[in-house]
Amino acid sequence: MRPRLRALLTVALVAAVAGIEAPGSSTAAFTARTTNTASVSAAADWTPPTVALVDPGSPVRGSILVTASASDEESGIQGVAVQVLPAGGSWTTLCTTTAAPYGCSWNTTAGADGTYGLRVVATDKAGYVSTSTTLQTTVANDVTVVLAAPAHVVRGNVPLSTTVSGTGTSTHTVRVEYSVSGAGSWHSLCTGLSSPYSCSWATTGLTTGYYDLRSVATSGPSSVTSAIVSHVLVDNVAPTVTTADPGSPLRGSVTLAADASDAGSGVATVRIQVAPSGSSSWTDACTVTTSPYSCRYDTTKIADGSYTLRSISTDVAGNPATSPAVGSRLVSNTVSSVAMDDPGDSLAGPVTLKASASSTAGVKSVTMQRAPSATTTWTDICTDTTSPYRCSWSTTGVSDGLYDLRAVLVDTADATTVSATIPARRVRNTPLRGHDVQASNGGSTIGRLDAGDTMTFTYDDRADLTSVSTGWTGAPRDVTVRLRDGNLLDLGASDDTVDVQGSGFTVNLGAVNLNEDFIRRNKTTTFAATMTASAIMVSGVSVTRVTIVLGNGGNHGLQSTVGEAATMVWTPSAEVLDLLGRPASTTRVNELGTSDKDF
């Protein structure tokens, strides 16, 4: 046998012994040709392809990509078939690909969950076929993950529980994640959980607000995510709460109240409690769930004595807060009453203070008190132990100003009862004074007196208007404004003076030195005018202001206009009285503000 033919037969025998699948029509046939020297030619490709399946992992779900590697260095790859074997079934070709990358998508939902075999079959262009090693994977499309929702509002350490079902023989690990609500930025709070899938969520490090939660179950490359538990409010901040002072003594049915707020989950309840002073034996007076947090409390259910009050507020998350205590509130169901007589709006010199008082336990004393208006700095004025309860207050011993007055009753059980406050009674032991004088241009020319111009005279307290002008109430009254050259008054050319006169009645406004030359030398002129009065507030004090509006007049002697701005000086009349009948000071008053040329 020729050597070349012997070699070809040897290759064929080896291939048969190795179990390599030969092509359907062997390319190993002899090729004969006639030459001077006879020869035998073998086929171009006697080697099967190599093929390997890429492990897709297990379990798998949904659509996955099944890929393989295949090669043939001689004739090349004709095609690669991806095949699947269900449990108890037969191999089915998913797809055949002819070019790298070799693989296709497997829709695992088309079949039942369970164990499947996967392989790939490669065929080269010479017809040789190679089959990969079979890999096993589990299809788990029916795996469900459920995160049990915690309470809508949580705080502290919150237990979380996850249920994973439909896993078959697969083993899953679970992690629980959180995100600021709606943000979709997930962070792990529990990882590597095995069955039972439970852990504790430590919320104390989180900012108060809303959060989303979810669980993710993982087995191999496959993950299943639970539905999102949304808008869980984390609130670890306690509410704020204060207890209102109900006063003392307390008797009968009284209102107990607290002020509570919570910026997180909101206030759930407020408990108002009572305990005997010096003890910790707290008793709930009431529990309130809505604002305003108050209730009526029957003090006859407890013994007379000294008590402390407090409030405990709990928010929806369960965070509690306790208010500062309000102590030494006397419960006395002895009936007592006290009222102080109003001594009047304006006070000066010695003032008689009076009060009426009674108590079923007997009146021990009644004390008259004063405090600067709108403060709580009470000072005893005097105390009387017998009816009628009265005493004299020398107001010269205090500064002028506004004072609040009240009376305090002490009964024989040493329980106190406080009268209603008489507010803002003015003490004034100094005379009425001028505060300001002003002129404003309402006419056609600045620096010249003419119709429409205005003068105002402002006192520093209330004046008796009948002393300003006989029988006057402040209603509009026709008057005459007189302007005289300063030389007529031995004052000088630039000391022109204005005063106000009435016809058949007095006008006691004094005189105003205009400190300018409004009228020619030794001349006098007059204007018809209207005078009114009003009460205005100056630095929190009600004072009298008199307004003069000029009408027609001044037809001769006036200068064209004044040359310079000047400050007017008002000398009030001592004929004007305050509301206590005391004469006003004649101390001169300079015009306030920037100097001007008015009129």
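The model is predicted: local features require pLDDT of at least 70 and side-chain atom pairs pLDDT 80 or more, while totals for chains, interfaces and linings use all residues. Residues are numbered from 1 along each chain as its sequence is written, and side-chain values use heavy atoms, with hydrogens and water left out.

**The whole chain**

Begin with the entire chain in cartoon view. The chain holds two helices and 43 strands; helices (H or I, at least four residues) and strands (E, at least two) are DSSP runs, numbered from the N terminus. The radius of gyration, taken over C-alpha atoms, is compared with a globule rule of 2.2 Å times the number of residues to the power 0.38. At 54 Å it is well over the 25 Å that this rule gives for 599 residues, so the chain is more spread out than a compact globule. Along its principal axes the C-alpha trace spans about 170 × 80 × 30 Å.

Next, colour by accessibility. Of the 599 residues, 42% count as buried, where buried means under 20% relative accessible area, exposed over 50%, and partly exposed in between (1.4 Å probe, protein chains only). For contacts (heavy atoms within 4.5 Å) between residues at least 6 apart in sequence, 64% join residues at least 24 apart.

Select residues 336-340, 350-359 and 389-394. These are β26, β28 and β31, which form an open antiparallel sheet in the order β26-β28-β31. Two strands pair if DSSP finds at least two bridges between them. β26 and β31 are the edge strands, each pairing on one side only. Neighbouring strands of the sheet are turned by 20° against each other on average, direction ignored; the axes are lines fitted to C-alpha atoms, and angles run from 0 to 180 degrees between N-to-C directions. Five bridges join β26 to β28, and Ser 337 has Ser 358 as its bridge partner in β28.

**An enclosed strand**

Move to residues 497-501, strand β38. Four of its five residues are buried, so the strand is largely enclosed by the rest of the structure. Five bridges connect β38 in antiparallel fashion to β37 (residues 477-484), with Thr 480 partnered by Gln 501. Three bridges, also antiparallel, connect β38 to β39 (residues 511-513); there, Asp 499 stands opposite Ala 511.

**Arg 251**

Select Arg 251, in the loop between β18 (240-243) and β19 (253-261). Its relative accessibility is 21%, so Arg 251 counts as partly exposed. Show polar contacts, meaning pairs of N or O atoms within 3.5 Å; within protein, one must be able to donate a hydrogen and the other to accept it, and residues adjacent in sequence count only if both atoms are side-chain atoms. The side chain of Arg 251 reaches the backbone oxygen of Ser 332 at 3.2 Å and that of Thr 334 at 2.5 Å. Beyond four places in sequence, its contacts include Thr 299, Asn 333 and Thr 417.

**Gln 369**

Finish at Gln 369, in strand β29 (residues 363-372). With a relative accessible area of 10%, Gln 369 is buried. Its side chain makes polar contacts with the side chains of Asp 380 (2.8 Å) and Arg 406 (2.7 Å). Other residues in contact with Gln 369 include Trp 378, Ile 381 and Val 408.
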